[in-house]
Each structure stands twice: as C-alpha cells, then as structure tokens.
Amino acid sequence: MDLTRFFAEVDAQPWVDLQHAYGSAADVPDLLRALAGESAEAASEAISELYGSILHQGSVYGATARAVPYLARLAGAGYRTEDLLVLLGGIAEGGADDGDSDEAACRAAVVGQLPLILATVDAEDPGLRRAAVWAAAMTGAAEQVLPVLRLRGRTETDPLVRAELLGATAHLDPPGAAAEATGAIGADEPGEVRIAALLACVDGGLPWGPAHHGAMVSLLPANVLVEGRLDLERNEPLQYVVEALLLRDTAEDRDAAYTLLDAALRSAVPEARAEATWAAEAACLLSRSAPERLAVAVAALSADPTAVPEAYALLAKLGARSAPAVPVLARLAAGEGDPADRALEALVAVAPDRAAPLLARDLGRRPRALGAACGFLVGGTAGTSFPYDPALLDAIRTRLSAKDLGADETIRLALLLGVWGSRASAALPELRSALPGSPRVVPKALAAICPPEHREATAELLTAAARTGPVDGRLAAATAVRELTGDTGPLLVAVADRLTPGAPAVQEAARLAAELGPAALGLVPALRSALSDSEGGRNSPQLDADVEIASALWRITGDPEEAVPVLAGVLAEAEPTWLRWTLGRAARAAGRIGDAARPLVPALEGLLADRVQIPSAVLALRAIAPESLDGPRTAELLLDAAEQDDDAVTALEALVALGPAALTADHHRRLTTLAEQDLRVRASGVEPGIAPADERLREQAREAARRLT
C-alpha cells in the first residue's frame, strides 16, 4: 500500500466540513494516520476515538460514511485488520437499508466494501474470520453474504467461528438458520456452537421442545460460552431465550419459558442461579404473570441460605411472593456492613413490617435500606409507603440530630416522616432544626406531621424561611404555610420573586400561581414579564414555563385573550420530536380553556399525526371542538397510542371521554386485550416503577372496559 498516495487522498476530503459526534471531523485524518503508524498504543487510542466520534454509542454521521472506504483499505493492507472489520460491522449495524439519511449512506458504504470483507472470511487467523463473518452479516446484504458464509460453514472447524457463522446466518435468514441449527444442539458439539444453535432456533421461531430445554439447562452457566462473540445482543443467552419465548405471547411459549427458569433457579451451580435470577428479573419486567409463575421456584431457592444474596433484586421484584425468603433475609439483615444493608434493602420490599425494626437498629449505616423504605428501591416499594414503626421514629429523630447527617439522608428521613403524618409529630423539633439543610423537602414534611397546637409556631418558622431562607426553598416553605394555616400571603410573595424570565423555578412558580386562581390577580404583571422571548430560539424548560404561565393567566383572570396566543406559540414550535411532552402539556392547557381556545383547533388537529400527542390532542379537541372528532377513527388512534405505551394513561382517559358510541366491536376486543394480555404494556422507564405502573395501567384499562360496555 502506497501510504503517501493514500493519505493524499484522505487529505483531499472536506473533513472540516463533515460532522461526527463531537462536531467537525477534522481529526479523522490524524486518526487514520495513527492506525497506519508504528505505535501500537497510538493505534489503539485511534480505534477508541473513532468509536467515540464516527460510531458514537451506535450512532453514525456524515463523516462516518466518508471514512468507510479508508478504514476498509487500511484493513485490507493489514493495519489493525480485525479491529477495523469489527468497526465496519458496527457502522453497518448502525445504518439503514434505504432513504437518503446518514444511516443509509453508512450501510451502503460498508456494503460497497463487501468484496474485501468476504475475502477475509477465509483468512488463516480465526479472529479475522470471526470479525469478517460478523461484519458481513451486519450489512444485511443476504444475497451476497449468505452463499459465502454457508460455503465457509462446510469446512469451518473453530468453535467460535462456527458460532459466529450460525449467528450471522440467523441474522440474515432466521428460518433457514434454524433448520441448520437444529442438528447442532446435541451434546457432541462444542458448547459455543450449541448455545449459538439454540439462539438461532429461537430466532427462527422454532417451537421450544424438550431437546432445546435439556440442551439449554445442560449448558448453564451459558454466559461464558458467548464471551468471545461479537453479537452483544445475545451476551446473556438464558435471558435472551426467556425474553424471546415470552414475546411470542402464547401459553405454550410462556410455559416453556417458566419451565426453563424454574430449572435454572433450582440449579446447584451458583453461576447458573445468578444467570437465572437475571433472566427472571427480566421476565418480571416483561410478563404480568411472571411474579406468580416464579414464586414456587423462588421458594425452593430460598431454602438454600447461600443462594439468597444473589437473588436480592429478584426477591424484591416479587415482593410478598418471596415470603419464604423472609427468615433468611432477616438473619442476613441483622449482620454488619454493606451485606446486611443489601439484605435489609430486599427485606423492605418483601416484608416491610419485619424490616422496620431492623432498620431502626442501625439506621445511620443502612443507606440502601433507607432508600428502599422511601420508595427508591429497585423493584420494591415505589408507589407505596413504608409502615409506621415507633422504634424507627425514635431512630429517625436521633439521626436528624447527628453531626454526620448528610443532605441526601435528611431528605429521605423527611420523606418518611411526611408519609407517616401526625403519627410522626414527636419528630417536629428535630425536623424544624433540619429545615435550613433541606429547604425544598422539609417544609412539606413539617406541614404533614405538625399537630394543631404547634401550627402557629411552625407557620412562623416557615414564613421566615419563605421570606429570607435559601432561595431554592422559598416556594416550598410558602406552600407549607398555606397548607398549615390557609394564609396565601407568603406564597404570593415567593411566587412573585421567582417569576423572573429564564429563572429555573418559573414553571413551578406559575403552577402555584394557577392554583391560587383569582387570589393571585396581583401576579399577572409578573407572569406576563416572565414569558420567554418568542423571537429567539426557545428550549423545552422555557416552553414548559410558558404553558404554565398561560394556564395561570387563564385561571387567574378567566380571560383567554392572553393565554391562547401563548399556547399557539408553543404549539407552533417546529421540533415536535424534541418537544413531545411540552406539546402535550400545551394541548391539555388548551382543553382546560374550552370553547374560547377554538383558534388552536388546526394546531391541535396537526398533533394527531404524532402518536404520543394523540391522547392530549383528543382530550383538548373534545373540550374545544367535539364536532371535529370522528368517534370510531379517534378511538382507533387512541388504542394505537395505548397499545404502544405512548401516553397510555391519557389515551385511556380520552377513550372513556369519547363514550361507548365511538367504539366498534373490534375496539372493545382490543381494550379487553390491553387489560388482560400477559405482556406488559408499560415496558420502559425507570426500572423500579415499570411493573407498578403497568399494574395501575391494567386496572385503568379494566375500568375503562367496564365503563365503555
């Protein structure tokens, strides 16, 4: 390779004008030079930087496609060939098959290098063969790639390359690969090949029979068998198989998945049990029947005290169904240090009544368990309250007076006290002392626990905090004064102080002004002045604040003349993808105004093209211009949104608002399915809240079905 001529071609490209993840791609030529240089360390750093810039977390850019031919030529010349083949495969994986996007250009660029990639499938080095097989498969060019891979498969003997070949053919031709893989799951094959064959069988849609079950169980723990694979999607084989079977959503496949998990959870091998608990946790997030179906196996697992620590997160997800593990958890939680804290964290979710006295015993050294008690537990008590316990109340009072008390711990202790309400009134002195350190959280807790005889003194303390305390806590203090005494004076002052254009608390201040209604008439000038400049580029926080200001102006004055134009400005923003929830808030605000918001109808109808916006837009249109909605068509749109978890809660609310006449027989069937299906509808978000949120959505769907019958 003539490097001088090569880099002359590289330098002739307009890299400065091309973009990657960090802006201009002017650094790409130097990175390519490092790849061809004598320093192995510099070449490794260049590979790492290319992954960060032209293939950033799987995303590709304009500069990526332009770099592909040069990366391929370096690979073909023997410079970091294996690394560059994998990079090319990653670029193809992040691409798209059609269109005029950067993604499509990148996929096409790698397809253009298939002659080089496919020639390497027969390389002498197994690592090169594996990299070439994977990269070729990621192009998606089945007609060009499959014949070469199948030809290589007839003579390949290296287990890891054979596994990569099976995975590649499964990617390009799932049914065909499944047929080929069926004969490779037997015990006479290497483990790496057998696990790849099992995954190919699943990908190809084959029924999961006794032979597949037996092979999978015999290969556990299986993660080690895929450590050398380039396919990161399948780096936890047991979890992958379980999820794939559950996603088929049939009774037979659910039985197969849970039978497999049951066997794995009962394994005598700790590493196999660990893989089983991870897979079972994933099942709980995917399947509504998982907690019940797993309870028996978890009970068996709990009989072995040594198996319990590796299953803490799973036990927490199952909650009360993990009752057989309570004695072991309690014994472990009574120990010392972080291991005891982790056990107690799980016990909070499984048996909070048993956990409370243990938490009280050593509260200052149980941060994880305290977080769990406050509802922060992964898979545990989110959405519920921790039971009141007198001993724990005493421990909290002691901690609030401790010199080593941190801000995070103060917040969590205040949250617990606030949930307990008047039963925690004994902690009033300590909580009052904690006010300066946590001015945003403590006021609400003070209002919640304060007994009648102390309301006046507590209100005086909070009034002072609302006037002269830390700025970021004044709204919270003033709100607590209103809750305690009904006095809105401090809140009016605090809201006015925060209604500064561009200030971070404008949205919160406007919301509180709206709650005050006509009593906040004096705030109208400040609300007007806090509106963002519609002539400049506005970000989401500014637009969210404008929506709240518009709502406040309407609720305070009852005059839509100012509010409607503000909402029109928000709805006219040109980037709905980045403003999805903001636009939904604007639509709901318009709906609250009602008929006077008719000028917004065209903009609201435009939101019906975006599934996330449909629920809010429908509610708004029904309140403003119900005649604009076609009942059955609107019901169809709302069910589409609900089934895809695009603001499903609002979608069901809007569906009920439409009334029974809007639903066809098929709509009723879909609504019933939404309520009774096994697969969770809510499958994204912060993990601790997924299952509880889905259960609430399920109950909402059942109630909607009942009301619409």
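Reader: Let me start with cysteine 374. Is it buried or exposed?

Author: The model is a predicted one. In it, cysteine 374 has a relative accessible area of 18%. Residues under 20% count as buried, so cysteine 374 is buried.

Reader: And what about cysteine 450, is that one buried or exposed?

Author: Cysteine 450 is buried too, at 5% relative accessibility.

Reader: How many disulfides does the structure hold?

Author: The number of disulfides in the structure is 0.

Reader: Changing topic: where is threonine 64?

Author: Threonine 64 belongs to helix H4. Its relative accessible area is 0%, so threonine 64 counts as buried.

Reader: Which residues is threonine 64 in contact with, leaving aside its neighbours within four places in sequence?

Author: With those neighbours set aside, the contacts of threonine 64 are Ile54, Ile91 and Cys106.

Reader: How do the axes of H4 and H5 cross?

Author: Helix H4 covers residues 62–76 and helix H5 covers residues 81–93; their axes come within 9 Å and cross at roughly 155°. Because angles over 145 degrees count as roughly antiparallel, H4 is roughly antiparallel to H5. The crossing of the two helices is left-handed.

Reader: Which residues meet there?

Author: On the H4 side they are Thr64, Val68, Leu71, Ala72, Leu74 and Ala75, and on the H5 side Thr81, Leu84, Leu87, Leu88 and Ile91. This contact is made up of 9 nonpolar and 2 polar residues, with no charged ones.

Reader: Why do residues three or four places apart point the same way in an α-helix?

Author: An α-helix has 3.6 residues a turn, so residues at that spacing point the same way.

Reader: Now helix H19. Which of its residues are buried?

Author: Helix H19 spans residues 326–333, and its buried residues include Val326, Val328, Leu329, Ala330 and Ala333.

Reader: What do the buried residues of H19 pack against?

Author: They pack against four helices: H17 (290–302), H18 (312–318), H20 (337–350) and H21 (352–361).

Reader: One more residue, please. Where does aspartate 125 lie?

Author: Aspartate 125 is in the loop that runs between helix H7 (114–119) and helix H8 (126–138). With a relative accessible area of 36%, aspartate 125 is partly exposed.

Reader: What separation is there between the C-alpha atoms of aspartate 125 and glycine 176?

Author: Their C-alpha atoms are separated by 27 Å, and the two residues are 51 residues apart along the chain.

Definitions and conventions: Residues are numbered from 1 along each chain as its sequence is written. This is a predicted model: local features need pLDDT of at least 70, side-chain atom pairs count only at pLDDT 80 or more; totals for chains, interfaces and linings use all residues. Side-chain values use heavy atoms; hydrogens and water are left out. Axes are lines fitted to C-alpha atoms, for helices over the stretch in contact, and angles run from 0 to 180 degrees between N-to-C directions. Angles under 35 degrees count as roughly parallel, over 145 as roughly antiparallel, 65 to 115 as roughly perpendicular and the rest as oblique. A crossing is left-handed if the near helix is turned anticlockwise from the far one by less than a right angle, and right-handed if clockwise. Contact means heavy atoms within 4.5 Å. Ala, Val, Leu, Ile, Met, Phe, Trp, Tyr, Cys and Pro count as nonpolar, Asp, Glu, Lys and Arg as charged, and the others, Gly among them, as polar. A disulfide is a pair of cysteine sulfur atoms within 2.5 Å. Buried means under 20% relative accessible area, exposed over 50%, partly exposed in between (1.4 Å probe, protein chains only).
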